Amino acid sequence: MNPVLKLLAQRIALSLFLLLMISALIFAGTMILPGDVAQSILGQSATPEALANLRADLGLNDPPLTRYFEWLFGALQGDLGTALTSGQDITSAIGSRLSNTLFLAFWAAIIAVPLAIFLGLLAVRYRDRWPDKLISGVTLASISIPEFLIGYVLMYLIAVKLRWFPSVAMINDSMSLWQKLNSIALPVAVLTLVVLAHMMRMTRAAILNVMQSAYIETAELKGLSTFKVIWRHAFPNSVAPIVNVVMLNLAYLVVGVVVIEVVFVYPGMGQYLVDHVSKRDVPVVQACGLIFAAVYIGLNMVADIVSILSNPRLRHPK
């Protein structure tokens, strides 16, 4: 078998296996949560008979293994179950929430990825000089501060004091694109600051590693300018590690937005998850956890595939 196809098949199989294992962990984790679902639905004044009847209706008396496989097979068919607290179909409820989270992550990525690559190239061009030190210092400071603190500081300065953008990022289908972008400006700014440093520093490190190669010295001896050497020769050969770190941060933008969505009251997956954790709505928590895991593993799998395909030693074996 072709080594590239073999590696791709292994990566895909490993990703599916990891998703299966994580689904089991998610289910087991929700099963050991403290409290009683039936009690939280009916309230403290519910009678023992009413609680027992509700547990039977919800299938809470079935063996855990049976419940896990029923949930897993339903999820594979697109049926994530019904919210216990509202009776709403989870798949339809999550659809709009997931699209809002992806909308937020998309615009953060549109800004963060090109900016991180540009700053990484600029830092390499002026290595160990003041632009490099300034870029590294600012980005390192931004990644060192908790994201919720950055969010509250921007909210106070930009929304409360300057009143440039709203402090609450509420969007709906009736809003125009410009209105939505104006509403999500602050959470996008926070997410950009959070992921920018990691991508920029990895871009800088990957290019500097390639700059030590012999063909780079040859290009310099030919009289090419430093920027042309970096852009035409070093950057294309450092794509694999850069793609890896970009995909990891894109996964974070989707999976790690819970704190940002709560801070800005954004109607996305993170806010939806937090609301139902407090209600101990197990099916919703399980569905959100499974979707977050699938997105994270899927983007990591894409990063692995791009790394394999961009490796000339694998594509052209001797």
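The following legends describe views of a predicted model.

**Figure 1. Overview of the helical chain.** The chain contains 16 helices and zero strands. Of its 318 residues, 41% are buried. Where contacts link residues at least 6 apart in sequence, 72% of them join residues at least 24 apart.

**Figure 2. The crossing of helices α14 and α15.** Two packed helices are described by the angle between their axes and the distance between the axes. Helix α14 spans residues 269–278 and helix α15 spans residues 282–309. Their axes come within 9 Å and cross at roughly 150°. Because angles over 145 degrees count as roughly antiparallel, α14 and α15 are roughly antiparallel to each other. The crossing of α14 past α15 is left-handed.

**Figure 3. Residues in the contact of α14 with α15.** From α14, the residues taking part are Met 269, Gly 270, Tyr 272, Leu 273, His 276 and Val 277. They meet Val 284, Val 285, Cys 288, Ile 291 and Phe 292 of α15. Nine residues of this contact are nonpolar, two are polar and none is charged.

Figure 4. Leaving aside residues up to four places away in sequence, Tyr 126 touches Pro 131 and Asp 132.

Note on methods:
Residues are numbered from 1 along each chain as its sequence is written. This is a predicted model: local features need pLDDT of at least 70, side-chain atom pairs count only at pLDDT 80 or more; totals for chains, interfaces and linings use all residues. Side-chain values use heavy atoms; hydrogens and water are left out. Helices (H or I, at least four residues) and strands (E, at least two) are DSSP runs, numbered from the N terminus. Buried means under 20% relative accessible area, exposed over 50%, partly exposed in between (1.4 Å probe, protein chains only). Contact means heavy atoms within 4.5 Å. Axes are lines fitted to C-alpha atoms, for helices over the stretch in contact, and angles run from 0 to 180 degrees between N-to-C directions. Angles under 35 degrees count as roughly parallel, over 145 as roughly antiparallel, 65 to 115 as roughly perpendicular and the rest as oblique. A crossing is left-handed if the near helix is turned anticlockwise from the far one by less than a right angle, and right-handed if clockwise. Ala, Val, Leu, Ile, Met, Phe, Trp, Tyr, Cys and Pro count as nonpolar, Asp, Glu, Lys and Arg as charged, and the others, Gly among them, as polar.
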